[in-house]
Amino acid sequence: MPNVTAISLIPLLPLAGFLLLGLFGRKYFKNSSGLIGTVLLLASTVLALYTAYEYFFVYGKVAGVYEKFVALQLTWLEFSPGVSIDMGLIIDPISVMMLVVVTFISLMVHIYSLGYLKGEERFPTYYSYLGLFTFSMLGLVLASNIFQIYIFWELVGVSSFLLIGYYYDKPSAVAACKKAFIVTRFADLGFLIGILILSFSGGTLDFATLIERLTSPESNEFKAAAASTFLGASALTWGAALVFIGGAGKSAMFPLHIWLPDAMEGPTPVSALIHAATMVVAGVYLVARLFPIFSVAVPGVLEIIGWVGAVSAIVAAIIACTQTDIKRVLAYSTMSQIGFMMFALGVSNYGGEAGLGYTASMFHLFTHAMFKALLFLGAGAVIHYVHSNDMKDMGGLRKFLPITHITFLIACLAIAGVPPFAGFFSKEEILLAAYNNNMAIYWIALITSGITAFYMFRLYFNIFWSKPAPSPSERAGGEVHGEGGFAMMMPLVLLAVGTAAAGFIPFGEYVSSDGKPLHAHFDLSFSIAPVALGLIGIFTAFWLYKKQNDKPTKLATSLGGIYKTAYNKFYIDEIYLFITKKVLFNLIGRPAAWFDKNIVDGLMNLIGNITEKISEGIKKVQSGKVQQYAIYFLGGVIVLAVLFIYIWK
Amino acid sequence: MTGSDIIFYLLATLCVVFALLSVTTRHIFRAAIYLLFTLIGIAGIYFWLQYEFIAAVQIVVYVGGIVVLIIFSIFLTQQTGEQLPKQKLDRKIFAALVVFAGFALTMVQIYQHTFIETDEIAITPTVENIGKKMLAVDSGGYALPFEVISILLLAALIGCIVIALREKKNIEPQIQDDTEEHKGIV
Amino acid sequence: MEPGLYHILFLSTALFFIGVYGFLTRRNLITMLMSIELILNSVNLNFIAFNKYLWPNQMDGLFFTLFIIAIAAAEAAVAIAIIINLYRSHNSIDVENAEDLKY
């Protein structure tokens, strides 16, 4: 049985760190706050690993199937007997897997930040925010009901907001954190409505009960939800689609992705933690959590999910080829990879062999967390060294940053899908799942993985090769701190080991859509096409960017409009601006403002004025003048006398 | 019409006319004198009704006491010869309307009502009868109200003295305090 | 026509409402007090008239009149004490100035 104390301590330790550092950090732990946060998280990570071990190897498997356990169930808010919001801890393969991912990546980031943010004025604040984020993310992962997941969903939104805006004296950071918050908040509105519809249809908030009721076509709840329709779709479809909108917002799916590139204004370790490895996959996690509903009850929505994922993957990959800010390249790459996970879910079915996409998606989530965190942390090391985000300021750094260079290369190979690194295995599974289910998506995915290899190596060559090594005078500040201390290098190495090794985990044994082990069998001939495409991408990048030359510029000019469109991110931000500023403001905002100012306010003013006039009149009645009172009294007496004598008899 | 009737009508007219004058004149001193005449007229009606004792009390207490008190207070508070301030016209009209309505209503009620007289033998209200009744303690006696009234008069006496005394001590600061307080509230 | 109960009731009602009119329209507190005296007298007249014409076998009306006169005297004394007090504090006995009741 699950060890409740250990499991509940996993999220509570970061929370304790948040409270301790948030309340007293600036006064008492000015210098030790990073260490405190890291140690608490280390404990949390150990507990998470212990839980994973216990779950997967000791008690989790019951009759060959990984069971769902609800380790703890507390009634938090009881509306009436039977209707309550609970707080629970759910233990099943994906939540345990996410526990490990979140705590491990968070620990890496904690350690890395010790070096990266050394000497920062608001060091304790930073660590308290990190603690808050880790707590909320773990709470989200462990949530046993849909409302609890929403609470923690918003909490990770808040901590993401706080961390993106960490450099709050930078106007761009402030704008970025507001943008991230507003866009995800907008999507969360869909999520909330979806929760209401689903829980109303299912008559419960609890995941297990909800799934059980909404996936069996005989249950009353399913019949009622399928019968009530709105705009041609059943309530169930609407609920699931709206929940997915929430997930799409958080996971930066097209077209709600616009906040993610801007979110790179936050400190780089934060980008690695939140905007690469953990929070942005919350949407994927949510879909996976409700996967039986999507797959059994509303396959139409699942198909939409597949297409949204595929479109996001390829659009983001194309944009990533043109960006020059290395963090933005990584951001678009993240979006692209999450697109992979999404469409992997989209092409999956529930149970058995057909559930390969589900396993592949979770597997990719796991490996992606490793290599994308590694890429971000490596990029952080580079930025730390050259004090710039732009590729133009880099080049030839391989001699000065040897460890970073090697680990970055490993990560690039992994994401490009070169065997035997982690990305290869998970991507193969995804492609296989797509191949079995939806050829159109398979082709998109194949092309995207080629482009992925190209842009990643464009990044790699631009940073570490390209120009000749910079002369000492050009290396601003480089002499001072070199490659960064042990604190920064240790996570890189650990993550690189993870990236190299994670692919060999027989993931299907542990995580599958229905809990039964899934034996993925590989067909080597199937891997030829993606690996070949990946290698073509790598060699194209090698040819274009190995040495500084004018080929890229020529290529850009010859591509002309396409290049420019991609460089400007397909003008999606501009479209949003146009829609909000020109269309929404003029067509809805202004009339609404007019209505508010003149009709609503006017009505209120009218009521206010009437009241004021009446009260002025009444005030005169109470004049303090005895004789007036006497007249009223006498008049009243006479009226009453007349009434009683003549009318009421 | 007998002489008795004529006397009643004369007295009634005297009362009403002087009462009207008393409430409408703008010289306060004259108002007091008109009131005096009205009170004397009422005393006359008591005489006419053959309630001599009440008439005597009326003259002694009202004419000799209260009116003198009023005139005394006029001298204390008012510059004689000064005209009283005018009342607003709308107030006057409204008051007249209310008063007329009340008067009409009352009179209608009185004339529609039939009063029933008793057949029992009348008691002459002589001073002896009044005195006996006043101090009688059996049923129908007025000893208790008599005592109560005496207490009331004592209380009024003491009350007047207390009011007068308290003010004499520190008038000036109190006035200022009061006005300031009111300003604050306003 | 021989004057009887109705005549006296008419007279007392008239005096009562004249007093009320005075009370409502006078601005000077002393003249308002005079109006009250008129009202009290009209009540006295009523009591005496009822005693005389309806229950001559009893003397209740008469006693009421006596007590009312006594109370009226006390009332007048207290009222005048209050008026003089007011005059001291407000320097006026105009009832329009004595409107502290509204606070």
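Helices (H or I, at least four residues) and strands (E, at least two) are DSSP runs, numbered from the N terminus. By that count, the elements of chain C run α-α-α from the N terminus on. This is a predicted model: local features need pLDDT of at least 70, side-chain atom pairs count only at pLDDT 80 or more, and totals for chains, interfaces and linings use all residues. Residues are numbered from 1 along each chain as its sequence is written, while chains are lettered from A and ligands numbered from 1 in the order in which they are written.

**Chains A and C**

- Chain A holds 27 helices and six strands.
- Of the 649 residues in chain A, 53% are buried. A residue is buried if 20 or more other C-beta atoms lie within 10 Å of its own, exposed if 12 or fewer, and partly exposed in between, with C-beta atoms placed from the backbone.
- Contacts in chain A with a separation of 6 or more are 79% between residues 24 or more positions apart. Two residues are in contact if their C-beta atoms, placed from the backbone, lie within 7 Å.
- Chain C has three helices and zero strands.
- Buried residues make up 53% of the 103 residues of chain C.
- In chain C, residues 24 or more positions apart account for 50% of the contacts with a separation of 6 or more.

**Interfaces of chain B**

- Chain B meets chain C through 72 residues of chain B and 63 residues of chain C.
- On the chain B side, the elements giving two or more residues are α1, α2, α3 (52-77), α4 (89-112), α5 (127-135), α6 (143-169) and α7 (171-185).
- α3(B) gives the most to this side, with twelve residues.
- By class, the side of chain B that touches chain C has 52 nonpolar, twelve polar and eight charged residues. Ala, Val, Leu, Ile, Met, Phe, Trp, Tyr, Cys and Pro count as nonpolar, Asp, Glu, Lys and Arg as charged, and the others, Gly among them, as polar.

**Helix pair α1(B) and α2(B)**

- Helix α1 (residues 3-24) and helix α2 (residues 28-48) of chain B have axes that come within 8 Å and cross at roughly 155 degrees. Axes are lines fitted to C-alpha atoms, for helices over the stretch in contact, and angles run from 0 to 180 degrees between N-to-C directions.
- α1(B) and α2(B) are therefore roughly antiparallel to each other. Angles under 35 degrees count as roughly parallel, over 145 as roughly antiparallel, 65 to 115 as roughly perpendicular and the rest as oblique.
- α1(B) passes α2(B) in a left-handed crossing. A crossing is left-handed if the near helix is turned anticlockwise from the far one by less than a right angle, and right-handed if clockwise.
- Residues making the contact include B:Phe8, B:Leu11 and B:Phe18 of α1(B), and B:Tyr34, B:Phe37 and B:Trp48 of α2(B).
- The contact residues divide into 15 nonpolar, four polar and no charged.

**Helix pair α3(A) and α21(A)**

- Helix α3 (residues 93-116) and helix α21 (residues 486-501) of chain A pack at an angle of about 150 degrees, with their axes 6 Å apart.
- α3(A) and α21(A) are therefore roughly antiparallel to each other.
- Their crossing is left-handed.
- Among the residues in the contact are A:Met108, A:Ile111 and A:Tyr112 of α3(A), and A:Met488, A:Pro491 and A:Leu494 of α21(A).
- The contact has eleven nonpolar, one polar and no charged residues.

**Helix α4(B)**

- α4(B) has 24 residues and reaches 34 Å from its first C-alpha to its last, close to the 34 Å expected at 1.5 Å a residue. The expected span is 1.5 Å times one less than the number of residues.
- B:Ala95, B:Val98, B:Val99 and B:Gly102 of α4(B) are buried.
- The cover over the buried residues of α4(B) includes α27 (626-647) of chain A together with α1 (5-25) of chain C.

**Single residues**

- B:Lys133 lies in helix α5 of chain B. B:Lys133 counts as partly exposed because it has 19 C-beta neighbours inside 10 Å.
- Leaving aside neighbours within four places in sequence, B:Lys133 is in contact with B:Gly141, B:Tyr142 and C:Met59.
- Most residues other than glycine have a negative phi.
- A:Ala252 is not a glycine, yet has a positive phi of about 55 degrees. A:Ala252 is in the loop between α9 (235-250) and α10 (259-262) of chain A, and counts as buried with 30 C-beta neighbours inside 10 Å.
- B:Gln50 also has a positive phi, near 65 degrees. B:Gln50 lies in the loop between α2 and α3 of chain B, and is exposed, with 11 other C-beta atoms within 10 Å.
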